[in-house]
Amino acid sequence: MAVAVACVLLGRWQLARLEERRDLNAALEARGELPALSMAEVIAALDEGTPATQLEFRRVIVEGTYRPAEEVLQRNRAHEGQAGFHVVTPLVFDEGRAVMVRRGWVPAALDDPPVVESLPPEGTVAVTGVLRAPERPGGFGPSNPADGVLERVFWIDPRRLDDQTTESLVDIVVDLDPSAGSPGRLPEPLPPLSFDEANHLSYAIQWFSFAAIAVVGITAYARSRWFRDGTRPSD
């Protein structure tokens, strides 16, 4: 019975996590409905101490020039079941300033940046995208080398990549709007943003199922003892 109670409590905890996730998703989706920011507004917000996570999923418009010679490839990116990379290229938008733009997907065979098959347009372009927070994982899992020039990375960390770019990188990343790409041409457009509910509901159902199994099990055990010994379980 203690196991059953514990499983019920864990199931209720997962349901609470599900509600939190739904509230967060609603807030993030609402950000996408706000007017697009300029890069000047983004920089001002970061300089005032606004965490990049609070700007994440806001739309942004940046006008500048791509610098493909300094692009990097992000490892372990899949597209329609195929392994590959995301192409991430600096966009110079002001004198001495640039932002990393995640432009799309290329297959794993194209592992040498700059990827000739997916070069960005030349000259000044107006880029529409979505802001994403820098990626700085903890001590577990793969990590980018601490030193040296990086061509292929696990995480897009502008602070780490700043040493190998001509311009100073803004500490945020822009995901290129999928409508800017052309399906069937490289790079393949990034998938549209989706805000899933993770596995909280399925985990809750599992915990409640375990609780039911525990109750059925102890009941069956008690009945079998009763009929076998002619005694009540409390005896």
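Guide: What follows is a short tour of this predicted model, from the overall layout to the core and then to a loop.

Visitor: How many helices and strands does the chain have?
Guide: The protein chain has five helices and eight strands, and from the N terminus on these elements run α-β-α-α-β-β-β-β-β-β-α-β-α.

Visitor: And how much of the chain is buried?
Guide: Of its 235 residues, 36% count as buried, while the chain exposes about 13,700 Å², with carbon and sulfur atoms supplying 55% of that area.

Visitor: Which residues have the most contacts inside the largest nonpolar core?
Guide: That core has 22 residues, and the ones with the most contacts inside it are Met39, Val42, Leu91, Val99, Val101, Leu131 and Ile172. Several elements each supply at least two of the core residues, among them helix H2 (39-47), strand E4 (82-94) and strand E8 (168-176). There is also a second, separate core of 11 residues, which includes Val92, Ala98, Met100 and Leu150.

Visitor: What does Leu131 touch?
Guide: Leaving aside residues up to four places away in sequence, Leu131 touches a list of residues including Leu37, Val42, Phe57, Val60 and Ile172.

Visitor: Changing topic, where is Leu193?
Guide: Leu193 sits in the loop between E8 and helix H5 (200-229), and, again not counting residues up to four places away in sequence, it touches Phe57, Val130 and Arg132.

Visitor: Why does Leu193 count as partly exposed?
Guide: Leu193 counts as partly exposed because its relative accessible area is 42%, which lies between the 20% limit for buried and the 50% limit for exposed.

Notes:
Residues numbered from 1 in each chain as written. Predicted model: local features only at pLDDT ≥ 70, side-chain atom pairs only at ≥ 80, totals over all residues. Heavy atoms only, no water. Core = buried A, V, L, I, M, F, W, Y, C linked by side-chain atoms within 4.5 Å. Buried < 20%, exposed > 50% of the residue type's maximum accessible area, 1.4 Å probe, protein only. Helix = DSSP H or I, 4+ residues; strand = E, 2+ residues; numbered from the N terminus. Contact = heavy atoms within 4.5 Å. Areas by Shrake-Rupley, 256 points an atom, 1.4 Å probe, with all protein chains shown as cover.
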